[in-house]
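Please keep the sequence and the structure in view while reading.

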Amino acid sequence: MELDVQYLLQQLVNGLSNGMISALIAIGYTMVYGIIELINWAHGDLCMLGAFFALTLIGALGIGAWSGPMAAFGVVILLLATAGFCGSLNLIVDRFAYRPLRRAPKLTLLVTAIGVSFIFVNLGLFWGGLPMTVFGEGNAAAAPKNFPAIVPATPILGGEPGQVTLTVRDLMIAGVTMPLMVGLWWLVRHTKLGKAMRAVAQNPTAASLMGINTDRVIGATFFIGGALGGFGSVIYAINNGTIGFQLGYRAGMDAFTAAVLGGIGSLPGAVLGGLLIGVARSLSDGYLEARWTPTLVFTILILILVFRPSGLLGLKSKEKV
Amino acid sequence: MRLKHLALATASLASLASLAVVSLGAAPLPSLQEGKVIKIVSSLPRTGSANAQTTTMVNGIRMAIDEVGGKVDGFDIAYEDWDDASPQKGNWDPQVEAQNANKAVKDQSIVGYIGTFNSGASKISMPVLNKEGLVMVSPANTYPGLTKPGTGEKNEPKVYRPSGKINYFRVVPTDDLQGSVAAEWAKELGAKKVFILHDRELYGKGIADVFQKHGKEIGLEVVGYEGIDSKAANYKSLVTKIASTGAELVYFGGTTQNNAGQIAKDLRAGGVQAPFMVPDGCFETAFIEASGAENLNGKTYITFGGLPADKLTGKGAEFREAYIKKYGTEPEAYAVYGYEAARVLLDAIDRAEKKDRESIRAAVAATKSFVGALGTWSFDENGDTTNRVMSGQTVKDGKFEFVKVLGGSN
């Protein structure tokens with residue numbers, strides 16, 4: 001195939017927009033790992049519950065029927081409420097499932113996280129089976145649910161065949177993701193809480209000797225990671241338009257891969273990893289065959305880990321968050 | 001390596017277990033006595049998005065049993081509704097299907113196994129039931145290789161019949177018919193360039209392959225043929241590729257569970273307005289719900305290896321009427337196949353001289369000119385129905401709408 005610039009650019013746009021969503025979810029993995037060295041398996045499923053929460057909210061408030069500026073307002077409500085929901089849920093999980101195990105071996109914590117993941121998946125299955133306007137009769141709990149297209153896929157650039165097309169949805173993804181990442185970077189680098197988080201990541205014992213309430217800082221980390229996952233789940237659901245109780249496994253797996261690729265524990269690494277994987281998937285779908293895509297993604301991951309075991313931006317030092 | 005040892009131990013345990021099953025089954029089969037209860041089970045995915053379909057199938061089975069008053073030739077018929085899906089998969093699960101099959105052969109009072117829904121599941125249970133001569137009637141499997149030599153893998157269908165006898169029958173026409181009928185319909189709709197997708201499963205790929213083969217024969221240009229990642233979040237990149245080929249019709253061989261709705265959505269969001277054609281694995285309301293009706297209306301075509309309930313005539317129309325009266329809703333497309341599978345099985349039990357597995361199996365195989373809800377048909381030498389009527393549907397105002405009869409009977 002001769003190089004078709006428009007086609008290539010379009011695939012890059014597709015890849016970046018999918019990659020940004022992964023990046024947002026990946027941050028939840030990397031933050032938690034950075035601070036307590038736990039791979040939080042339940043994070044993807046937390047995002048799945050976030051998507052169900054958002055859909056329920058749409059049904060309850062009738063957001064699906066809003067249009068124009070009201071729709072934009074609806075998206076803001078969804079984003080904030082879902083972020084609050086996911087953040088709080090993550091905080092609760094930390095309080096009751098992980099905090100009692102703070103001094104237990106890391107493996108115990110990991111297995112607990114897998115358990116939490118199972119609980120979430122089954123909660124999602126149950127949730128989807130509740131009869132309500134957005135779920136229909138609720139007799140097909142496991143069936144994929146249609147998520148209303150609150151943000152239309154209207155092109156703002158291009159739109160004609162043969163042109164690179166950028167849609168309102170792509171803009172929304174960038175508009176939600178980028179400020180959040182900048183905000184998070186600022187929070188970690190320039191606030192008291194951020195400083196405390198970095199301190200706990202480096203050495204929890206020393207941090208608590210310095211008067212830092214480590215449990216509160218860890219709780220805050222879970223809240224922020226969960227809230228970002230909540231933002232991610234809303235833009236995931238709006239962008240794809242379908243949610244199901246199993247989406248967490250895949251979305252989580254993609255994001256986790258991104259976090260590892262970028263260097264788990266590193267915030268910029270999670271973002272870079274997410275974007276790279278998004279673009280790699282898209283180019284593979286576009287130039288190779290779709291069935292090779294997962295193979296290609298994991299081949300890249302393995303190659304990078306062989307040559308840089310701590311990931312692209314992972315540091316060997318203890319500074320993680 | 002402790003893990004390795006563990007795996008070895010598990011593997012040897014598993015083989016021991018299967019040996020145990022075989023030796024148990026080898027005991028002589030007692031013929032069931034009059035006045036005793038004989039059991040029929042069905043193994044269908046009751047958990048997951050196929051639930052809406054399988055619920056009406058189970059209703060159909062129950063209606064067939066109720067019709068004869070729950071009694072055949074002096075024997076009480078007991079029916080059990082088994083699930084072959086697991087919540088983890090939200091779909092049929094090979095492990096669960098294997099458990100069901102093993103459980104069924106062990107219980108000597110079970111003389112009929114209605115199932116499965118998914119062709120892949122039958123691949124697992126067929127050999128298990130075949131060894132014990134337990135008859136199996138599928139109301140929904142359409143993969144040709146299960147019965148027809150030369151249509152699937154080289155060793156099919158022999159590999160499913162270790163005993164050499166035929167114990168598997170189905171009341172639905174197979175995919176080789178549906179795939180070619182779909183290709184012909186696509187041509188009729190004016191498409192010249194088609195892009196073919198499939199979900200890389202037995203059913204979906206099988207049907208897409210036939211579509212491709214027959215499509216080329218009748219002069220369609222296949223501009224793309226790809227297996228998708230059925231768990232992907234979206235198919236934007238694939239849609240960009242489809243758009244760049246200028247395809248005039250997109251065919252997806254696959255099911256609702258394997259993301260048919262997401263493809264429909266991404267096609268329209270990506271500006272591809274070409275018609276979208278799918279096989280009967282998407283012929284269920286869950287497909288419309290998952291896609292969003294606005295993405296399907298007027299430009300989606302669904303082939304179905306049979307007739308929708310409201311187009312049935314004779315016994316079939318009576319069934320639909322009775323069904324609506326009893327359950328208050330329109331039966332889903334496969335309900336009547338559940339009903340038909342149960343009826344043909346009950347009919348065979350009635351005709352069988354002895355009510356043991358072998359006599360009943362032979363009686364099912366001997367079914368000729370059966371007057372059923374789907375017309376008058378027989379089982380051929382492979383265990384397939386001779387009924388070949390198919391239909392084409394579209395989606396209008398968020399509902400399936402019958403367009404025409406395809407294929408015709410021959």
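How many helices and strands does chain B have? The model under discussion is a predicted one, and in it chain B has twelve helices and 17 strands. The C-alpha atoms of chain B occupy a box of roughly 65 × 65 × 40 Å along the principal axes. A compact globule of 410 residues would have a radius of gyration near 22 Å, and chain B, with 22 Å, agrees with this. Of the 410 residues in chain B, 57% are buried. Contacts in chain B with a separation of 6 or more are made, in 75% of cases, by residues 24 or more positions apart.

Chain A may be described in the corresponding terms. Its secondary structure comes to eleven helices and four strands. Chain A is as compact as a globular protein of its length, because its radius of gyration of 20 Å is close to the 20 Å that the globule rule gives for 321 residues. Along the principal axes, the C-alpha atoms of chain A fill a box of roughly 60 × 50 × 35 Å. Buried residues account for 51% of the 321 residues in chain A. When contacts in chain A between residues at least 6 apart in sequence are considered, 74% join residues at least 24 apart.

The next topic is the division of chain B into domains. The domain assignment gives domain 1 of chain B as 33–173 + 315–377 and domain 2 of chain B as 175–304 + 390–406. The C-alpha centres of these two domains are 29 Å apart. Where they meet, 16 residues of domain 1 of chain B are in contact with 17 residues of domain 2 of chain B. On the side of domain 1 that touches domain 2, helix 2 and helix 4 (119–131) of chain B are the elements that give two or more residues. That side of domain 1 divides into six nonpolar, nine polar and one charged residues.

Helix 2 of chain B also has a helical partner. The axes of helix 2 (residues 51–67) and helix 11 (residues 335–351) of chain B come within 7 Å and cross at roughly 35 degrees, and the crossing is right-handed. Among the residues that make this contact are B:Met57, B:Ile61 and B:Ala64 of helix 2, together with B:Tyr339, B:Ala342 and B:Leu346 of helix 11. By class, the contact has twelve nonpolar, four polar and one charged residues.

The contact between them takes 30 residues from chain B and 35 residues from chain A. On the side of chain B, at least two residues each are supplied by helix 2, strand 10 (221–227), helix 7 (236–245), helix 8 (260–269) and helix 9 (285–291). The largest share, seven residues, comes from helix 7 of chain B. The residues of chain B on this side divide into nine nonpolar, 13 polar and eight charged.

Is helix 8 of chain B mostly covered or mostly uncovered? Helix 8 is mostly covered, with ten of its ten residues buried. The buried residues include B:Ile263 and B:Leu267, as well as B:Lys265, B:Asp266 and B:Arg268. Just after helix 8 of chain B, B:Gly271 adopts a positive phi of about 80 degrees.

Note on methods: Residues are numbered from 1 along each chain as its sequence is written. Chains are lettered from A and ligands numbered from 1 in the order in which they are written. This is a predicted model: local features need pLDDT of at least 70, side-chain atom pairs count only at pLDDT 80 or more; totals for chains, interfaces and linings use all residues. Axes are lines fitted to C-alpha atoms, for helices over the stretch in contact, and angles run from 0 to 180 degrees between N-to-C directions. A crossing is left-handed if the near helix is turned anticlockwise from the far one by less than a right angle, and right-handed if clockwise. Two residues are in contact if their C-beta atoms, placed from the backbone, lie within 7 Å. Ala, Val, Leu, Ile, Met, Phe, Trp, Tyr, Cys and Pro count as nonpolar, Asp, Glu, Lys and Arg as charged, and the others, Gly among them, as polar. Domain bounds come from an automatic or database domain assignment. The radius of gyration is taken over C-alpha atoms; the globule rule is 2.2 Å times the number of residues to the power 0.38. A residue is buried if 20 or more other C-beta atoms lie within 10 Å of its own, exposed if 12 or fewer, and partly exposed in between; C-beta atoms are placed from the backbone.
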